[in-house]
Amino acid sequence: MTFSQELITIAAVVAGTMVTRFLPFVLFPASKKTPPLIAFLGQVLPPAVMGMLVIYSLKDVSLFAGQHGLPEFLAGSLTVLLQLFTRNMLLAVASGTVGYMLLVQYVFA
Amino acid sequence: MNKYGSALRAAFPITLPICAAFLFLGISYGLYMTGRGFAPLYPICTSALVFAGSMEFVLVSLLLGPFDPLNAFFMALTVNSRHLFYGLSMLEKYKDTGLKKLYLIFGMCDESFAINCSVKIPAGIDKGWFMTFVTFLNQCYWVTGVTTGALVGSRLDFDAKGLDFALTALFLAIFAAQWQGEENHGPSLLGLALPFFCLLLWGPKAFLPPSLALLLALFVCAFYYRRQRS
């Protein structure tokens with residue numbers, strides 16, 4: 001690829017990404033009343049999308065080979081339990097992450 | 001303290017897990033792209049402009065392949081289609097944020113969305129500036145990580161294997177916090193179960209578009225079903 005072809009490719013990727021980010025705001029501007037269906041989606045999507053992000057961030061874990069996702073399961077459970085019982089998000093995330101690092105670097109190494 | 005300072009102070013702690021993960025992942029991306037023969041300026045600029053982690057890795061292979069900008073455009077649409085859902089979720093929250101709204105939308109990566117969508121902003125803190133600082137700090141971490149990786153990555157000797165789990169842990173913690181605060185667990189359960197089954201069926205590369213389509217279809221049905229009953 002020439003330099004200008006590279007620039008055009010990068011610009012195309014930036015444009016595609018920006019379409020996905022801006023489109024909802026362009027279609028449903030704040031100045032107009034949001035249709036009831038879209039308002040409903042605005043309520044149910046956030047919790048659903050958070051579940052989807054959990055799956056998305058774990059998508060490359062192989063359940064049927066290697067360690068069968070055991071380190072992810074253990075560290076993930078620790079995170080969820082700490083969040084549920086202490087309601088301290090930084091503590092939950094930090095403990096889960098350090099726990100995971102210890103598991104993959106020492107226990108399942 | 002003025003409203004900017006207090007918003008920054010409120011936003012900073014919650015972005016710390018992202019700081020750790022983005023510095024680490026950013027270094028890997030900087031290393032990856034320069035390792036493929038690109039000058040350091042490439043990963044540095046693309047990290048600031050695209051700012052959507054997985055798409056940036058795809059971009060490297062697009063740049064190494066034949067010239068096909070249309071394909072690149074549609075690839076970005078597909079890989080980032082989940083952002084459409086973020087936008088729909090944030091229509092209300094980003095209201096009344098003035099010009100900052102443009103930046104909030106531009107910089108809405110998974111992690112900034114997850115925090116801005118779920119965190120209870122403390123009373124007395126300017127909502128718009130809080131969300132802007134969350135977005136801006138996250139972008140700074142990412143660009144800093146990528147720059148470090150691109151410039152001195154090969155000279156770094158660190159074993160941070162597993163540090164990227166901070167992002168999974170963050171999503172899990174937000175999910176758990178949301179679970180505690182909601183009366184109806186239906187949307188949360190669907191959001192977990194549907195993508196999981198799609199992942200088993202279609203695999204990690206292709207499961208996202210069908211997951212999004214199915215979720216959307218189910219919620220639209222639920223809306224009309226409810227309206228008919230009432």
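Trainee: Why are α2(A) and α6(B) called oblique to each other?

Mentor: In this predicted model, helix α2 (residues 36-57) of chain A and helix α6 (residues 82-90) of chain B pack at an angle of about 135°, with their axes 8 Å apart. Angles under 35 degrees count as roughly parallel, over 145 as roughly antiparallel, 65 to 115 as roughly perpendicular and the rest as oblique, so α2(A) and α6(B) are oblique. Axes are lines fitted to C-alpha atoms, for helices over the stretch in contact, and angles run from 0 to 180 degrees between N-to-C directions. Helices are DSSP runs (H or I, at least four residues), numbered from the N terminus.

Trainee: Which hand does the crossing of α2(A) and α6(B) have?

Mentor: The crossing of α2(A) and α6(B) is left-handed. The term applies if the near helix is turned anticlockwise from the far one by less than a right angle; clockwise gives right-handed. Residues making the contact (heavy atoms within 4.5 Å) include A:L45 and A:V49 of α2(A) and B:F85 and B:R82 of α6(B). By class, the contact of α2(A) with α6(B) has 11 nonpolar, two polar and one charged. Ala, Val, Leu, Ile, Met, Phe, Trp, Tyr, Cys and Pro count as nonpolar, Asp, Glu, Lys and Arg as charged, and the others, Gly among them, as polar.

Trainee: What makes α3(A) and α4(A) roughly antiparallel?

Mentor: Helix α3 (residues 70-86) of chain A and helix α4 (residues 89-107) of chain A cross at roughly 160°, and their axes come within 8 Å. On that angle, α3(A) and α4(A) are therefore roughly antiparallel. Their crossing is right-handed.

Trainee: How is the area buried between chain B and chain A defined, and what is its value?

Mentor: Buried area is the accessible area (1.4 Å probe) that two parts lose on being put together, summed over both. For chain B and chain A the value is about 7000 Å², of which carbon and sulfur atoms give 80%. The contact takes 89 residues from chain B and 66 residues from chain A.

Trainee: How many salt bridges does the rule find across the interface of chain B and chain A?

Mentor: Zero salt bridges are found there, the rule being a side-chain nitrogen of Lys or Arg within 4 Å of a carboxyl oxygen of Asp or Glu.

Trainee: What conventions apply?

Mentor: Residues are numbered from 1 along each chain as its sequence is written, and chains are lettered from A and ligands numbered from 1 in the order in which they are written. Local features need pLDDT of at least 70, side-chain atom pairs count only at pLDDT 80 or more, and totals for chains, interfaces and linings use all residues, while side-chain values use heavy atoms, with hydrogens and water left out.

Key:
Helix = DSSP H or I, 4+ residues; strand = E, 2+ residues; numbered from the N terminus.
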